[in-house]
Amino acid sequence: MSIQSAPVRIGECNTCAACCKFLILQVNPAYMDADRRRWIELHGIRLSERDGGVWARIDIACQHLTDDGKCGVFGTPERPETCGTFPFVQADIDLVDEWAGEKVCSYSFVPEEVLV
């Protein structure tokens, strides 16, 4: 049996800020009940099933995103480390591109062996 290493993120941020314009949260699968789903989606939250879980996409921009699409807290202690390490997996890139309606994320993931 061989152990596969985790994919490694490559590339650089192209500063499109697409990932700063929405929030993805894993939610209880009970929300996929037709009536509950309708109620949630009437509030502008989109639900989807992916990778065995249920995810809610909330279209809300980061409060520090400037009018010109830049991070207003870049380089400051107020900026969460998560902002610099996102996307964590290929599914995150897929969600960003899906939200944008086109391929916008400049990152990709490759097997660690490819980098050696």
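Me: Where does Pro87 sit?
Reply: Pro87 is in the loop between H2 and H3. Helices are DSSP runs of H or I with at least four residues, strands are runs of E with at least two, and both are numbered from the N terminus.

Me: What kind of peptide bond joins Phe86 and Pro87?
Reply: A cis one, with omega at about 5°. Most peptide bonds are trans.

Me: Before going on, what are the ground rules?
Reply: The model is predicted, so local features need pLDDT of at least 70 and side-chain atom pairs count only at pLDDT 80 or more, while totals for chains, interfaces and linings use all residues. Residues are numbered from 1 along each chain as its sequence is written, and side-chain values use heavy atoms, with hydrogens and water left out.

Me: Which residues does Asp92 touch, leaving aside its neighbours within four places in sequence?
Reply: Phe86 and Pro87, the two residues joined by the cis bond. Contact here means heavy atoms within 4.5 Å. Asp92 itself lies in helix H3, residues 90–100.

Me: Is Asp92 buried or exposed?
Reply: Asp92 is buried, and it has no salt bridge. Buried means under 20% relative accessible area, exposed over 50% and partly exposed in between, using a 1.4 Å probe and protein chains only. A salt bridge needs a side-chain nitrogen of Lys or Arg within 4 Å of a carboxyl oxygen of Asp or Glu.

Me: What is the nearest side chain of opposite charge to Asp92?
Reply: Arg9, 8.3 Å away. Lys and Arg count as positive and Asp and Glu as negative, with His and the chain ends not counted.

Me: Which other residues of H3 are buried?
Reply: Besides Asp92, the buried residues of H3 are Ala91, Ile93, Leu95, Val96 and Asp97. The buried set packs against S2, S3 and strand S5 (108–110).

Me: What comes just after H3?
Reply: Gly101, with a positive phi of about 80°.

Me: Where are Thr15 and Asp51?
Reply: Thr15 is in the loop between strand S1 (8–10) and S2. Asp51 is in the loop between strand S3 (45–50) and S4. Thr15 is partly exposed, with a relative accessible area of 46%, and Asp51 is exposed at 68%.

Me: Back to salt bridges. How many does the structure hold?
Reply: It holds 5. One of them links Asp35 and Arg38, with N and O 3.2 Å apart. Both residues lie in helix H1 (residues 34–42), 3 residues apart, which is about one turn of the helix. Arg38 is exposed, with a relative accessible area of 51%.

Me: What does Arg37 pair with?
Reply: Glu41, with the closest N and O atoms 3.1 Å apart. In general, an α-helix has 3.6 residues a turn, so residues three or four places apart point the same way. Arg37 is partly exposed at 27% relative accessibility, and Glu41 is partly exposed at 34%.

Me: And Asp59, what is its partner?
Reply: Arg57, again as a salt bridge, with the closest N and O atoms 3.1 Å apart. Arg57 counts as buried because its relative accessibility is 10%. Asp59 counts as partly exposed, at 43%.

Me: Change of topic: where is Val73?
Reply: Val73 is in the loop between strand S4 (53–58) and H2. Its relative accessibility is 9%, so Val73 counts as buried.

Me: What is Val73 in contact with?
Reply: His64, Glu78 and Arg79, leaving aside neighbours within four places in sequence. Gln63 is 10 residues from Val73 along the chain, and their C-alpha atoms are separated by 9.9 Å.

Me: What about the whole chain: how many helices and strands?
Reply: There are 4 helices and 5 strands. From the N terminus on, the order is β-β-α-β-β-α-α-β-α. The C-alpha atoms fill a box of roughly 50 × 50 × 30 Å along the principal axes.

Me: What share of the residues is buried?
Reply: Buried residues make up 20% of the 116 residues in the chain. Among contacts with a separation of 6 or more, 62% come from residues 24 or more positions apart.
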